[in-house]
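Good morning, colleagues. Please have the sequence and the model open as I speak, and follow each position on the display as it is named.

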Amino acid sequence: MAKQEQILQINPLHELKFRGPFTVPVTSYMKLTNPSNHKVCFKIKTTAPKKYCVRPNSGILTPKDVIEIAVSLQPFEFDPNEKNKHKFMVQTMIAPDGEINLDQLWKDVTAENLMDSKLKCVFEMPVEENATSATAQETSSAVEENTKRVGDSPSVAHDGELVKAAKEVKHLREEESSLRQENLQLKEELMRLQSTQYKSASYPPPSSPSQVSHDSAYSPLLIITAIIMAIVGIVIGKYIL
């Protein structure tokens with residue numbers, strides 16, 4: 001008796017492709033479609049059951065139903081020179097009427113009622129993997145070099161800021177010294193003015209600056225001193241900020 005033609009539509013039809021690297025599980029997908037008006041039982045088999053995980057590996061497809069089968073290849077050491085002989089088989093049969101016990105049904109099925117389709121496994125590595133790896137390493141080295149250069153920039157900028165700050169401090173100190181000298185000159189000028197004022201008013205001049213009345217002699221001096229100190233405060237505040 002001639003073998004029955006496969007009733008399900010299987011996609012892909014002839015090959016299951018697995019794309020590396022194979023250091024982690026790699027999954028390929030198979031789609032089963034039931035175009036008929038019958039319920040169809042299916043079962044997935046492989047020549048290397050320890051290397052694959054198939055979910056689901058069996059079931060029943062109602063009329064016009066579609067199911068996707070996930071086939072996961074477990075990690076292994078890939079050798080491109082080793083010939084791959086892994087294969088899958090999709091076995092199907094038309095389900096009988098009534099209640100179905102799949103385990104018992106597959107035990108009792110005869111060869112005349114079975115339909116099957118075979119698919120071979122194909123392992124593929126990414127194109128120019130080595131070249132890509134080398135490019136990635138070169139890119140990583142370039143990034144590290146640029147990072148080092150960028151990392152040096154803040155240090156150079158920081159040194160420049162320190163030099164600039166040192167110059168500003170020196171300039172502020174010179175200004176402070178100049179303001180102190182002007183303060184002393186103002187005090188001396190104030191003393192001369194007070195002495196002249198006493199003489200013109202026919203008052204006996206004080207024997208020394210310490211004998212001059214605090215309220216009459218030093219009130220203008222305090223005002224001028226306050227102004228000078230305010231200027232010095234502004235300059236020092238600029239330096240601190």
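I begin with threonine 92, which is placed in strand β8, residues 87–94. Please keep in mind throughout that this is a predicted model. Threonine 92 has a relative accessible area of 0% and is therefore buried, since buried means under 20%. Its side chain is joined to that of glutamine 6 by a polar contact of 2.6 Å. What else does threonine 92 contact, once neighbours within four places in sequence are left aside? The list comprises Gln6, Ile7, Leu8, Val40, Cys41, Phe42, Trp106, Asn113, Leu114 and Met115.

Serine 117 belongs to strand β9, and the side chains of serine 117 and glutamine 6 make a polar contact of 3.0 Å. Is serine 117 buried or exposed? Its relative accessibility is 13%, so serine 117 counts as buried. With neighbours within four places again set aside, the residues in contact with serine 117 are Gln6, Ile10, Phe88, Met89 and Val90.

In sequence, valine 122 and glutamate 15 are separated by 107 residues, yet from C-alpha to C-alpha they are 6.7 Å apart in space. Excluding residues up to four places away in sequence, valine 122 touches Glu15, Leu16, Lys17, Phe18 and Asn84.

Let me now step back to the chain as a whole. It contains three helices and nine strands. In sequence order, the pattern reads β-β-β-β-β-β-β-β-α-β-α-α. Of the 241 residues, 23% are buried. Among contacts with a separation of 6 or more, 71% are between residues 24 or more positions apart.

I turn next to the aromatic residues. A pair of aromatic rings is described by the distance of the centres and the angle of the planes. How many aromatic pairs are there? The count is nine aromatic pairs. One of them is formed by phenylalanine 18 and tyrosine 52, a tilted pair with 5.7 Å between centres and 55 degrees between the planes. Phenylalanine 18 sits in strand β2, residues 15–19, and tyrosine 52 in strand β5, residues 52–55, so this pair ties together parts that are 34 residues apart in sequence. Phenylalanine 18 is buried at a relative accessible area of 0%, and tyrosine 52, at 7% relative accessibility, also counts as buried.

Phenylalanine 22 and phenylalanine 123 form a further tilted pair, 5.5 Å centre to centre and with 55 degrees between the planes. This pair links distant parts of the chain: phenylalanine 22 is in the loop between β2 and β3, phenylalanine 123 is in strand β9, residues 115–124, and the two are 101 residues apart. Both phenylalanine 22 and phenylalanine 123 are buried. One aromatic cluster takes in Phe18, Phe22, Tyr52, Phe76, Phe78, Phe88 and Phe123.

The next topic is the largest pocket. Its volume is about 210 Å³. Which residues line the largest pocket? They are Lys51, Leu73, Phe76, Glu77, Phe78, Asp79, Glu82, Lys83, Asn84, Lys85, His86 and Phe123. Sorted by class, the lining has four nonpolar, two polar and six charged residues.

Finally, I draw your attention to some details of the backbone. The peptide bond from glycine 20 to proline 21 is cis, with omega near 10 degrees; proline 21 is in the loop between β2 and β3. The peptide bond from arginine 55 to proline 56 is cis as well, with omega near -15 degrees, and proline 56 is placed in the loop between β5 and β6. Lysine 64 has a positive phi of about 65 degrees, although it is not a glycine. Lysine 64 is located in the loop between β6 and β7. With a relative accessibility of 53%, lysine 64 counts as exposed, because exposed means over 50%.

That concludes the presentation, and I thank you for your attention.

Technical notes:
Residues are numbered from 1 along each chain as its sequence is written. This is a predicted model: local features need pLDDT of at least 70, side-chain atom pairs count only at pLDDT 80 or more; totals for chains, interfaces and linings use all residues. Side-chain values use heavy atoms; hydrogens and water are left out. On a 1 Å grid over the protein atoms alone, a cavity is a set of points where a 1.4 Å probe fits but cannot get out, and a pocket is an open set with protein on both sides within 12 Å along at least five of seven lines; lining residues have an atom within 4 Å of a point. Grid points are joined across faces, edges and corners, and a volume is the space filled by probe spheres set on the points. Ala, Val, Leu, Ile, Met, Phe, Trp, Tyr, Cys and Pro count as nonpolar, Asp, Glu, Lys and Arg as charged, and the others, Gly among them, as polar. Rings of Phe, Tyr and Trp (its six-membered ring) pair if their centres lie within 6.5 Å; planes under 30 degrees apart count as stacked, over 60 as edge-to-face and the rest as tilted. Helices (H or I, at least four residues) and strands (E, at least two) are DSSP runs, numbered from the N terminus. Buried means under 20% relative accessible area, exposed over 50%, partly exposed in between (1.4 Å probe, protein chains only). A polar contact is a pair of N or O atoms within 3.5 Å; within protein, one must be able to donate a hydrogen and the other to accept it, and residues adjacent in sequence count only if both atoms are side-chain atoms. Contact means heavy atoms within 4.5 Å.
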